[in-house]
Amino acid sequence: SGWSAARRLALTVGLAVLLLASVAFLISPWAGKIQRWAIGQQWPGYDLVYSENSVYGNVAVVQRESQYTFYADGIPILTAPVPDVAAVEEIVHLPMLFVTQPRRVLVLSGGVGGVLAELAKYPLERIDYAELDPLLIRAVQQFPTPLTVSELGDPRLQIEHVDGRLLVRQRQQALVSPQAGYDLVIVNLPYPSTLQLNRFYTLEFFELVRALLAEEGVIVLSTPGTLSYMSAEMRDLNAMAYHTLGNVFASVRPIPGDLTLWLASPSGDLLTVPVEALVKRWEERDLGTALLTPAHIRLRLEQRYLDWFWSSLGLEGGPGRDVGLGKEREGRQGWFSTSASAYINQDLRPVGLFYGLSYWNALFSPGLARLLGTVGRLNLWILCLPIVIFVLLFLAVVKLTGKGRGGVVPIIIGATGLAGMTADLIIIFAFQSLYGYVYHWVALFITAFMAGLA
């Protein structure tokens with residue numbers, strides 16, 4: 001008894017010392033140094049100068065000489081003071097060619113760092129800019145450059161720290177007349193590689209934007225592109241954009257290139273305005289860009305590139321000619337078949353996310369490309385059928401032979417746990433599909449799941 005009491009005392013003292021040592025370490029300068037070291041290991045080869053978390057995600061800044069690159073959850077958002085000139089000029093000025101008198105513009109993410117500077121060259125009345133995480137703007141202000149200072153100081157700029165899709169809905173509900181709508185909506189986001197990004201490529205989102213545009217308004221977004229060879233994964237991603245936009249807007253016009261720009265409008269001007277008329281409009285505006293010239297515009301809008309693009313999508317006759325996207329994909333069934341409806345991306349049927357992940361895997365993990373292609377050809381009920389057959393056979397064997405009764409309880413426990421975890425994941429994914437950001441809600445969902453399981 002005395003020996004056990006001494007052991008309990010030693011254990012108590014040991015735990016108390018360990019607790020005090022942990023608290024002392026957490027409040028010491030070493031904790032911060034180790035944390036900075038651990039964060040720096042996530043960015044090997046880069047000079048990490050900033051990394052902070054908000055309720056929406058992580059914002060990191062890396063520096064190379066005088067150039068800053070800003071990342072949101074590991075995705076590059078902007079580079080300053082010298083941006084990607086070709087990307088920012090084309091995503092602004094090419095769709096602006098189809099707007100005769102631009103007055104109001106809405107930018108959904110990715111505005112600061114070049115896009116806002118190009119928009120500032122127009123005599124606009126208002127520039128609305130949705131950037132969900134205010135931490136990103138604070139980081140830009142903490143590392144100022146002449147480009148970003150001039151952009152954020154524009155008196156016509158109105159920054160809204162709100163989900164871009166929610167802002168579109170709010171603006172739509174407050175819209176008085178089509179004349180008060182936006183002349184240009186820029187969706188400057190990466191292709192749909194997450195559910196949060198996928199929300200800006202869906203039928204429901206495009207319907208919201210359609211109601212917000214002026215009569216000749218234009219929405220522009222981008223997908224991965226090429227002018228040489230289009231892989232099956234890239235083809236699916238671009239076909240998704242075309243068919244989803246085409247179900248909402250009267251005219252859809254791609255501008256092929258290393259980055260395919262998709263222009264859509266409720267008017268038919270996108271498909272009828274001659275290229276030379278657009279060039280003349282550009283020359284009259286005289287905006288003083290670094291890259292865009294009349295020759296560059298003619299090259300980007302050249303008909304042979306457009307014909308090649310439609311042919312690569314399996315639309316040899318252009319829009320409206322759905323002849324199947326590649327002979328090797330003929331006969332597909334299920335969600336990801338070659339029919340036009342299979343390429344329509346929706347909030348609760350996120351085929352765009354599947355195509356985005358397929359494209360990503362084709363680039364960085366080619367070994368999984370064939371597996372994803374096989375999964376894409378399967379129907380959901382076909383996947384569930386083997387599980388149902390196994391359960392029925394097991395229950396039949398137990399009923400008829402009386403053997404295996406000891407395995408029923410573990411199977412029930414396993415099935416209950418699997419169903420619970422599946423339901424939890426479905427709730428998380430559905431929440432992200434509908435509301436966009438789930439970063440700081442995950443802990444609450446998991447806690448609720450564990451409490452319910454208990």
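Before the helix pairs, the axis convention: axes are lines fitted to C-alpha atoms, for helices over the stretch in contact, and angles run from 0 to 180 degrees between N-to-C directions. Helices (H or I, at least four residues) and strands (E, at least two) are DSSP runs, numbered from the N terminus.

This is a predicted model, where local features need pLDDT of at least 70 and side-chain atom pairs count only at pLDDT 80 or more, while totals for chains, interfaces and linings use all residues. Residues are numbered from 1 along each chain as its sequence is written, and side-chain values use heavy atoms, with hydrogens and water left out.

First, the chain overall. There are 19 helices and eleven strands. The C-alpha trace spans about 100 × 65 × 45 Å along its principal axes. Of the 454 residues, 44% count as buried, buried being under 20% relative accessible area, exposed over 50% and partly exposed in between, with a 1.4 Å probe and protein chains only. Contact means heavy atoms within 4.5 Å. Among contacts between residues at least 6 apart in sequence, 64% join residues at least 24 apart.

Now the helix pairs. Helix 18, residues 408-435, packs against helix 19, residues 442-453, at an angle of about 155°, and their axes are 11 Å apart. The two are therefore roughly antiparallel; the classes are under 35 degrees for roughly parallel, over 145 for roughly antiparallel, 65 to 115 for roughly perpendicular, and oblique for the rest. Their crossing is right-handed. A crossing is left-handed if the near helix is turned anticlockwise from the far one by less than a right angle, and right-handed if clockwise. Helix 18 contributes Gly420, Met421, Asp424, Ile427, Ile428 and Phe431 to the contact, and helix 19 contributes Phe445, Ile446 and Phe449. Those residues divide into seven nonpolar, one polar and one charged. Here Ala, Val, Leu, Ile, Met, Phe, Trp, Tyr, Cys and Pro count as nonpolar, Asp, Glu, Lys and Arg as charged, and the others, Gly among them, as polar.

Next pair: helix 10 (residues 232-246) and helix 15 (residues 351-364), with an angle of about 155° and axes 8 Å apart. That makes helix 10 roughly antiparallel to helix 15. The crossing is left-handed. On helix 10 the contact residues are Glu233, Met234, Asp236, Leu237 and Met240; on helix 15 they are Gly352, Tyr355, Gly356, Ser358, Tyr359 and Ala362. The division is six nonpolar, three polar and two charged.

Helix 7 passes helix 9 in a left-handed crossing. Among the residues making this contact are Arg165, Arg169 and Arg171 of helix 7, and Glu204 of helix 9. The contact divides into six nonpolar, one polar and four charged.

Asp128 sits in strand 6, residues 126-130, and counts as buried because its relative accessibility is 0%. Its side chain and that of Arg171 are joined by a polar contact of 3.4 Å, meaning a pair of N or O atoms within 3.5 Å; within protein, one must be able to donate a hydrogen and the other to accept it, and residues adjacent in sequence count only if both atoms are side-chain atoms. Leaving out residues up to four places away in sequence, Asp128 touches Val105, Leu106, Val107, Gln158, Arg171 and Tyr182.

Last, Gly217, in strand 9, residues 213-224. With the same exclusion of residues up to four places away in sequence, Gly217 touches Tyr182, Asp183, Ala264, Ser265 and Pro266.
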